[in-house]
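Visitor: Please take me through one part of this model in close detail. I would like to see how one chain sits against its copies.

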Amino acid sequence: MIQIEEQWKKVRQVNPLVHHITNYVTVNDCANVTLAVGASPVMADDREEAADMTSIASALVLNIGTLNSRTVESMLISGKTANQKDIPVIFDPVGAGASAFRSRTAETLLKNIRMTVIRGNISEIRSISGEAGHTRGVDASSADAESDARLLAEKTARQFHCVVSVTGAVDTVSDGERTVSVENGHPAMSGMTGTGCMGTSLTACFCGADPAHPLEAAVSALVCLGEAGEIAWEKAGMLGIGSYHMALLDAVSRMDGETLRKRARIHED
Amino acid sequence: MIQIEEQWKKVRQVNPLVHHITNYVTVNDCANVTLAVGASPVMADDREEAADMTSIASALVLNIGTLNSRTVESMLISGKTANQKDIPVIFDPVGAGASAFRSRTAETLLKNIRMTVIRGNISEIRSISGEAGHTRGVDASSADAESDARLLAEKTARQFHCVVSVTGAVDTVSDGERTVSVENGHPAMSGMTGTGCMGTSLTACFCGADPAHPLEAAVSALVCLGEAGEIAWEKAGMLGIGSYHMALLDAVSRMDGETLRKRARIHED
Amino acid sequence: MIQIEEQWKKVRQVNPLVHHITNYVTVNDCANVTLAVGASPVMADDREEAADMTSIASALVLNIGTLNSRTVESMLISGKTANQKDIPVIFDPVGAGASAFRSRTAETLLKNIRMTVIRGNISEIRSISGEAGHTRGVDASSADAESDARLLAEKTARQFHCVVSVTGAVDTVSDGERTVSVENGHPAMSGMTGTGCMGTSLTACFCGADPAHPLEAAVSALVCLGEAGEIAWEKAGMLGIGSYHMALLDAVSRMDGETLRKRARIHED
């Protein structure tokens with residue numbers, strides 16, 4: 001059984017510094033959710049300082065949401081630095097499959113960097129695993145079959161020797177041996193931008209606090225975000241997307257360990 | 001008579017994917033307002049994937065708010081791709097006239113790309129139309145004479161063979177033949193950053209859902225935003241700029257067709 | 001005695017245009033806080049327009065939060081333009097000391113540009129002043145000794161012939177001769193991203209409105225932000241980080257001169 005509450009407490013005790021090379025669309029949310037959970041963000045994407053920043057961090061996020069040739073180079077430098085220093089690397093292949101450049105970049109990053117956790121929607125994970133199928137932009141299509149997520153997560157985890165989180169209505173997290181499903185969350189989360197990226201940032205916060213247990217960290221991060229999405233719906237769902245967005249950040253920052261444990265809906269077969 | 005409600009319903013039915021090459025100041029708002037109205041955003045600005053992303057989109061936004069030589073090149077690639085595939089292109093000449101670089105870039109884009117709709121404040125539209133007058137930054141000056149907007153919109157629409165939306169206290173939308181004024185909106189909208197850019201993104205959402213009727217789409221988008229600005233004021237205006245900002249996104253996401261039709265204040269002579 | 005209320009009224013009368021070359025993490029907050037206090041923002045970071053934009057502005061912000069070689073070049077151009085035209089330059093050395101590139105860039109900017117005000121946390125100001133000590137990312141560490149701030153601010157102000165604001169639980173502002181401490185603020189301000197950057201933007205708004213009195217302007221800006229942080233806590237503190245964020249912007253936009261004066265807690269020895 002994964003001890004969600006203990007994982008969460010570690011984040012608040014360790015206060016990991018999380019280096020992000022990420023997109024400019026949701027970067028403010030990523031910084032705030034990192035602070036909200038009790039970690040510290042640093043965003044830096046220039047090749048001149050990529051290695052320095054990663055070296056002082058407890059975890060590294062590589063998110064290709066608005067990638068360009070300059071930042072991809074920095075991702076390679078930071079990823080290799082993290083690998084050398086055993087710092088967890090969390091990879092978010094945003095929009096992989098939607099353009100040849102994204103697919104190629106994801107492939108390059110996966111060839112050169114040992115990832116700790118990969119988090120994406122089913123289209124993105126399918127794309128990096130080499131399965132057929134097209135991605136329609138960066139948001140999970142409702143046509144994505146959730147039933148395939150489990151097999152895909154397990155296969156991709158074994159393929160890249162890491163933990164894979166396939167997020168959707170139900171999240172599936174696998175290290176290739178163990179597979180856990182997370183049922184927390186609310187459909188409204190896909191109605192705003194940034195929930196995927198925030199899931200990635202939270203995964204990095206939890207991995208930074210407990211680098212020896214990436215499966216437990218990845219599951220706990222998604223439970224935390226999912227519960228926050230549920231609580232935000234209760235508080236502000238009917239008000240609209242702007243209020244829901246703020247309520248989601250509120251809920252992460254106001255989370256307590258007991259609530260987190262009691263509301264968790266995870267299953268491991 | 002423009003059927004605002006039907007236009008809006010089309011957006012929700014079609015769920016158009018809108019490719020944005022836009023500025024990093026308001027990009028989060030652009031993504032969220034696109035989702036709020038029922039469309040899907042994708043932000044991608046690298047030349048390596050510009051054509052790919054535009055090819056899978058229903059509409060393209062070119063917003064020069066924080067332009068640089070790298071993104072201008074991508075705008076040219078995406079714009080030409082959109083033209084070849086008959087995908088609507090919505091151009092926002094943010095700050096045109098405020099620097100030689102912006103004016104020159106706007107000119108280059110207009111020479112090389114057939115725009116579907118151009119949306120800007122009166123200073124920006126004056127600048128691209130070649131009229132004298134200086135722009136003071138990116139916000140519409142209160143000294144801008146609203147009375148000139150109609151003539152300017154008509155002239156500029158004929159000049160570039162497209163629809164032109166001159167937004168301000170009253171918005172004027174013209175295709176050179178028909179001219180419609182939109183009286184919805186609230187002065188508080190100019191007290192926060194991003195309302196102009198969001199108007200552009202919404203215009204793209206409506207054009208993506210009904211590419212054959214850009215005038216109707218452009219008017220409907222501005223009615224939708226204007227009404228949201230009014231509703232947001234009623235709900236949160238007195239609280240301040242942060243709450244108003246969220247209430248504006250709330251109102252777009254919670255809009256219903258009947259309200260949209262009943263509150264619309266548009267005039268076509 | 002510094003006339004906070006009069007300083008604030010000047011901002012609203014002058015409506016200064018503030019050119020920002022800043023990071024993409026908190027840029028939306030910087031734009032909104034600039035509007036909230038009664039000034040106008042323009043964000044532009046390309047070398048092709050850096051001089052043009054600075055020339056029409058009342059103040060310039062140089063914030064190295066997500067610096068890269070392209071934007072550093074623009075900062076040098078804009079900074080020199082501002083110096084030639086006697087436009088105040090406000091420098092925020094975000095994360096100085098956290099990477100060799102940041103420290104080197106801060107040094108280059110300080111050698112080539114005459115700053116009007118430098119605002120940073122104690123680690124950042126220590127780094128640019130050449131004092132030993134390491135910075136842990138971009139957020140002020142709780143281990144920072146507030147008691148050293150006064151000596152540091154005075155020394156650094158004399159070193160660079162400008163005003164230096166060392167912000168923390170108590171803010172210290174010095175021009176090397178006079179030193180003022182600002183006790184307004186709330187610990188929750190460090191729990192969200194962007195308060196440092198917003199303090200820098202507000203400092204630029206106040207300097208743009210009264211360029212002859214940078215010490216008064218810098219103090220007034222921090223009082224304004226600090227009081228807004230207090231009011232935001234009263235209104236929304238217990239709701240969480242998202243609501244607090246919006247309430248902080250609300251409070252800046254809804255500030256009135258009398259409140260500002262009455263709540264101010266400043267000390268000058």
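This is a predicted model: local features need pLDDT of at least 70, side-chain atom pairs count only at pLDDT 80 or more; totals for chains, interfaces and linings use all residues.

**One chain and its copies**

Guide: Start with the symmetry. Residues are numbered from 1 along each chain as its sequence is written, and chains are lettered from A and ligands numbered from 1 in the order in which they are written.

Chain C can be laid on chain B by a turn of 120° and a shift of 0.0 Å along the axis, with an RMSD of 0.0 Å. That is the relation of a three-fold axis. In chain C, Tyr24(C) has the C-alpha nearest the axis, at 3.6 Å. The copies use different surfaces here, since 10% of the contact residues of chain C recur in chain B.

The contact takes 29 residues from chain C and 27 residues from chain B. Contact means that two C-beta atoms, placed from the backbone, lie within 7 Å. On the chain C side, helix H2 (27-36), strand E2 (40-43), helix H3 (47-55) and helix H10 (241-253) each supply at least two residues. Helices (H or I, at least four residues) and strands (E, at least two) are DSSP runs, numbered from the N terminus. H10(C) makes the largest share, 8 residues. By class, this side has 17 nonpolar, 5 polar and 7 charged residues. Nonpolar covers Ala, Val, Leu, Ile, Met, Phe, Trp, Tyr, Cys and Pro; charged covers Asp, Glu, Lys and Arg; the others, Gly among them, are polar.

Next, the side that faces chain A. This contact takes 27 residues from chain C and 29 residues from chain A. Helix H5 (100-112) and H10 of chain C are the elements that give two or more residues to the chain C side. H10(C) gives the most, with 4 residues. The class count on this side is 11 nonpolar, 13 polar and 3 charged residues.

Two packed helices are described by the angle between their axes and the distance between the axes. The axes of H10(A) and H10(C) come within 5 Å and cross at roughly 125°. That makes H10(A) oblique to H10(C). Axes are lines fitted to C-alpha atoms, for helices over the stretch in contact, and angles run from 0 to 180 degrees between N-to-C directions. Under 35 degrees counts as roughly parallel, over 145 as roughly antiparallel, 65 to 115 as roughly perpendicular, and the rest as oblique. From H10(A), His245(A), Met246(A), Ala247(A), Leu248(A), Leu249(A), Asp250(A) and Ser253(A) take part; they meet Ile241(C), Gly242(C), Ser243(C) and Met246(C) in H10(C). By class, that contact has 6 nonpolar, 4 polar and 1 charged residues.

Then take H10(B). H10(B) (residues 241-253) and H10(C) pack at an angle of about 125°, with axes 5 Å apart. H10(B) and H10(C) are therefore oblique to each other. Here H10(B) brings Ile241(B), Gly242(B), Ser243(B) and Met246(B), while H10(C) brings His245(C), Met246(C), Ala247(C), Leu248(C), Leu249(C), Asp250(C) and Ser253(C). The class count is 6 nonpolar, 4 polar and 1 charged residues.

Last, the core. The largest nonpolar core has 282 residues, and Cys224(A), Cys224(B) and Cys224(C) have the most contacts inside it. Such a core is a set of buried Ala, Val, Leu, Ile, Met, Phe, Trp, Tyr and Cys residues joined through C-beta atoms within 7 Å. Buried means 20 or more other C-beta atoms within 10 Å of a residue's own; exposed means 12 or fewer, and partly exposed lies in between, with C-beta atoms placed from the backbone. Leaving aside neighbours within four places in sequence, Cys224(A) is in contact with Trp8(A), Val37(A), Leu202(A), Val252(A), Met255(A) and Leu260(A).

Conventions. Copies are superposed by least squares on the C-alpha atoms of residues with pLDDT of at least 70 in both.
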